[in-house]
Amino acid sequence: MRRILMPILLLAVAFAALFGSNYLSDQLHEDLGEVSADGTVPPGLGTPLVSTRRLTPMLAPSLTEPGFFSTLDDIMASAPTSACVHVTLDGRGPSFYESGGNIQVMPSDAFLLLTLATAHQELGPDHTFTTSVLSIVPMEDGVVNGDIYLVGGGDPLLLTTEYLTTLEDGVNRLHTPIEELAQDLVDDGMALVTGAVVGDATRYDDLLYVGSWPERIIQAENIGTLLALQFDDGWVQFPVSESELETDDTAAGGAEEEVGYQAAEDPPFYAAALFDDMLEARDVVIRRSPRSEAVPEGEELNILASIESAPLKDHYQQILDNRDVETVELLLKEIGRVTSGTGSTRAGASAVETVLAEIGVDVEEFQLLQFDGSGLDPANVASCPVFTSLLNSDEFSPLFHELLPSAAEPGPLQSRFASVNNPARIRALSGGTATTSLLMGYIDIGRGQELTFAFIANQASTTDQASTTDQQSTADNQALRELEERIVRQLASLESKPSLDDLVLEPLRLG
């Protein structure tokens, strides 16, 4: 028993000497007050002298090591003038790190996240697009005496089998098989239409492209049209796959000139014409030539058949995987239609601003100016905190944690961050153009703590330079990508330290 008591007595003497020091005595009276006889602190007084809180500096050192922030400053010192980075810890303010937080940048692909979040909120993940075939006169004995109307519901993925063969291997091939709609009519007995197939795209406005896009964007990006009824992204002509081209060459006995993209001048007419061909290929007789116009108002209509798209939640991944401009722009028009009754880009962008305001983003304070849903328009501007606010919001954080790929998955991030300790901790959207680079998402730093970050940088355009333009643009883009990688690697070097909740003093056990 004496062996046990002696160490305890020595420990008590050591504590008594410690408590008797002038420094601790001053702190005891100035900061803590008197400790009551039962060891508790009277109301209004400070922390007890013997407390796990006083052990925190020793047991839980600062989250960051010396020089952590100065290293980030040094990295950003080499960034272009139009560049910003914004980082938060566990979604809390103030900023964990910020450089150029108030700088206006062209966000490029980052606008996809704004459009997806608004669609998720306003349309819902189970929203579908419906394409219908209507008639004024009901079908009787397989005959429709009059026209049939192919009415577009804004489905962005009405793709034919032929068009699907042109998509590259590995591309997300989510689509609505429009041929099935034709087959449904035949299965229901349709044999004769005395009128025409009429395409109706009036659900949205009649602008083929975003009104503010410069011509060089439309031509350079090979962007299809943006109407409520169109097949194959609105292309009337498109390149066939290499395998199909080889087959055609063999049959023709020689090489054929490669076919490029050509947009339909009247996409609903072209859709009606293709649908006419699908029905005739199934032995349906159609007496009149296809055309495009609105369904007559005031008429009682019969639904002959309809087809629904996959739910919206399936489109999210397709948009991110393919950077599908047509799909996200049509989605913005659908948002406008549902929220305001007007299927336009401007109406959709207004809905985005409303949703951002609901999560606390003041578009004026954050300098947000949106002209499209995909981020292609060079007039789009925003600041980095717009995107950390979005990614941190209670409404959308779960969505983006699910959607954004990790650096451990096959894809662009994997090769860039393979050497990072446990790359699965990084989930991010990467993107940009020849003059823009962006990387934003989440970094798990352990113990339930997480960094949310957004980096965007714009390089001065080199499109007016001479023959070295392409090489210079590539070099500029590579420099921006290296810059963002250095930032994310530095952030990923953080390791969370124990919090007070992790510190537990075990009771002294004797004997």
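**Salt bridges and a helix pair**

Visitor: Is Asp 109 buried or exposed here?
Guide: In this predicted model, Asp 109 is buried, with a relative accessible area of 12%.

Visitor: And what does Asp 109 form a salt bridge with?
Guide: Asp 109 pairs with Arg 323, and the closest N and O atoms are 2.8 Å apart. Arg 323 itself is partly exposed, at a relative accessible area of 28%.

Visitor: How many salt bridges does the structure hold?
Guide: There are 10, including one between the side chains of Arg 203 and Glu 334, at 2.9 Å from N to O. That pair links distant parts of the chain, with Arg 203 in the loop between β9 and α8 and Glu 334 in helix α12, 131 residues apart.

Visitor: Which accessibility does Glu 334 have?
Guide: Glu 334 counts as buried at 1% relative accessibility, whereas Arg 203 is partly exposed at 26%.

Visitor: Switching to helices, what about the axes of α5 and α14?
Guide: The axes of α5 (residues 111-122) and α14 (residues 384-392) come within 11 Å and cross at roughly 35°, and the crossing is left-handed.

Visitor: Which residues meet there?
Guide: From α5, Phe 111, Leu 113, Leu 114 and Ala 117 meet Val 386, Phe 387, Leu 390 and Leu 391 of α14. By class, this contact has eight nonpolar residues, with no polar and no charged ones.

Terms used. Residues are numbered from 1 along each chain as its sequence is written. This is a predicted model: local features need pLDDT of at least 70, side-chain atom pairs count only at pLDDT 80 or more; totals for chains, interfaces and linings use all residues. Side-chain values use heavy atoms; hydrogens and water are left out. Axes are lines fitted to C-alpha atoms, for helices over the stretch in contact, and angles run from 0 to 180 degrees between N-to-C directions. Helices (H or I, at least four residues) and strands (E, at least two) are DSSP runs, numbered from the N terminus. A crossing is left-handed if the near helix is turned anticlockwise from the far one by less than a right angle, and right-handed if clockwise. Contact means heavy atoms within 4.5 Å. Ala, Val, Leu, Ile, Met, Phe, Trp, Tyr, Cys and Pro count as nonpolar, Asp, Glu, Lys and Arg as charged, and the others, Gly among them, as polar. A salt bridge is a side-chain nitrogen of Lys or Arg within 4 Å of a carboxyl oxygen of Asp or Glu. Buried means under 20% relative accessible area, exposed over 50%, partly exposed in between (1.4 Å probe, protein chains only).
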